Amino acid sequence: GKVGDYGTPEQEIPATGFGPGVDWESCMTMNNHWGYNKNDQNWKSATTLIRNLIDCSSKGGNYLLNVGPTSEGLFPVASIERLAEIGKWMKANSESIYGTKASPFKKFSWGRCTQKEVESGRTRLYLHVFDWPADGKLLVPGLKNRIEEAYLLADKHHAVVAQNGPEGVTLLVPGKAVDSVSSTIVLKVKGTLEIDQPVPGQQADGTVLLPASEARMRGEQIRYESGQQRDSLGFWLDPAEGADWEFRVAKPGRFEVSAEVAAPAAAAIEVGLQDQKLRGDVPVTGDYGKFKWINLGSIELKSTGKTTLALRGVQDGWHPVNLRSIRLKPVPPGQ
């Protein structure tokens, strides 16, 4: 269905949110039931609930947590304990959640990021560290800006040393995490954020794999879906919408291009790369969760460096397609 101007995914958090301009919130239960169920003791831990809240905020969404009272109108003890834990964490860290925007980064291995513009030309980045570095060094990949000030949110007097380097900004942090659930580090940045996002490159054999999770969406409805064996572009209702991928070429040459697609009705897709276009017919695979590789033909990558592959639908007889990935495989010379 169409997201419209508000998205409400239930029991899951979209992998990259819905992009700018769409308000959304993720509704989730504390265990497996929306209402009170005395047999359901499968409670999510306070750590999971707090990290879900951070995850939603880092993708520009709200976290709507369902609490089911008992038949006596009381909240279960397990709910109260968890709400108290969330409250305790929020007391120290609410500044990094309320009034913040989605992360400007793609993703981190160690946690999440939220941001807030405090005054014109000044941004505060909140780094939510789930996995505290054992060696006391935390890399913020691709960040080019000089850091005006860096400190721990729970202890504003505890300054953090920030060092700029070719990989990004390295933060020298205390040996132990402030909070085992998620510790927040604040970075004050002046001027426009400059982030050099890492892009996929070629594998050792020259193959390029472009997964849906790395795509940049173009359009109102198309988006990245995860969960339920999806991990693909979905809601591609309008063929004029599409996606593109930036990647790095180290070994140019000729490549076979194929796409991993799922569709309950036949359609056609088109990819464009360095002034060349390929069109492929998408067969009926069964349903939106049943994927099949299709060959789109071959293409020449003429030069090294960064390049962009663009994907769109073919208007004629369009039916929505889910796409999991695109692969470029080198064609050995002489073939």
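Trainee: What share of the 335 residues of the protein count as buried?

Mentor: Of the 335 residues, 45% count as buried. Buried means under 20% relative accessible area, exposed means over 50%, and partly exposed lies in between, with a 1.4 Å probe and protein chains only. This is a predicted model, in which local features need pLDDT of at least 70 and side-chain atom pairs count only at pLDDT 80 or more, while totals for chains, interfaces and linings use all residues. Residues are numbered from 1 along each chain as its sequence is written, and side-chain values use heavy atoms, with hydrogens and water left out.

Trainee: What makes α1 enclosed by the rest of the structure?

Mentor: Of the 13 residues of α1, 10 are buried, so α1 is largely enclosed by the rest of the structure. Among the buried ones are Leu-49, Ile-50, Leu-53, Ile-54 and Cys-56.

Trainee: How do you know what span to expect for α1?

Mentor: The expected span of a helix is 1.5 Å times one less than its number of residues. With its 13 residues, α1 reaches 18 Å from its first C-alpha to its last, close to the 18 Å expected. Just after α1, Gly-60 takes a positive phi of about 80°.

Trainee: What makes β7 and β8 a pair?

Mentor: Two strands pair if DSSP finds at least two bridges between them. β7 (residues 147–152) and β8 have two bridges, in the antiparallel sense, so they meet the definition. Tyr-151 stands opposite Ala-159 in β8.

Trainee: Which sheet do those strands belong to, and in what order?

Mentor: An open sheet of five strands, with antiparallel pairing and the order β4-β5-β11-β7-β8.

Trainee: Why are β4 and β8 said to stand at the edges?

Mentor: β4 (111–119) and β8 (155–159) each have a single partner strand, so one side of each is left without a neighbour in the sheet. Neighbouring strands of this sheet are turned by 30° against each other on average, direction ignored. Axes here are lines fitted to C-alpha atoms, for helices over the stretch in contact, and angles run from 0 to 180 degrees between N-to-C directions.

Trainee: Which helix packs on this sheet?

Mentor: Helix α1 (residues 46–58) does, touching β4 and β5 (122–129), and its direction makes about 55° with that of β4. Contact means heavy atoms within 4.5 Å.

Trainee: How many strands make up the sheet that contains β6 and β10?

Mentor: Three, in the order β6-β10-β9, again as an open sheet with antiparallel pairing. Its edge strands are β6 (137–141) and β9 (161–165), each pairing on one side only. β10 (residues 168–172) pairs with β6 over five bridges, and β9 and β10 also pair over five bridges. A hairpin joins β9 to β10 through two residues.

Trainee: What does the side chain of Trp-132 reach at 2.8 Å?

Mentor: The backbone oxygen of Pro-174. A polar contact is a pair of N or O atoms within 3.5 Å; within protein, one must be able to donate a hydrogen and the other to accept it, and residues adjacent in sequence count only if both atoms are side-chain atoms.

Methods:
Helices (H or I, at least four residues) and strands (E, at least two) are DSSP runs, numbered from the N terminus.
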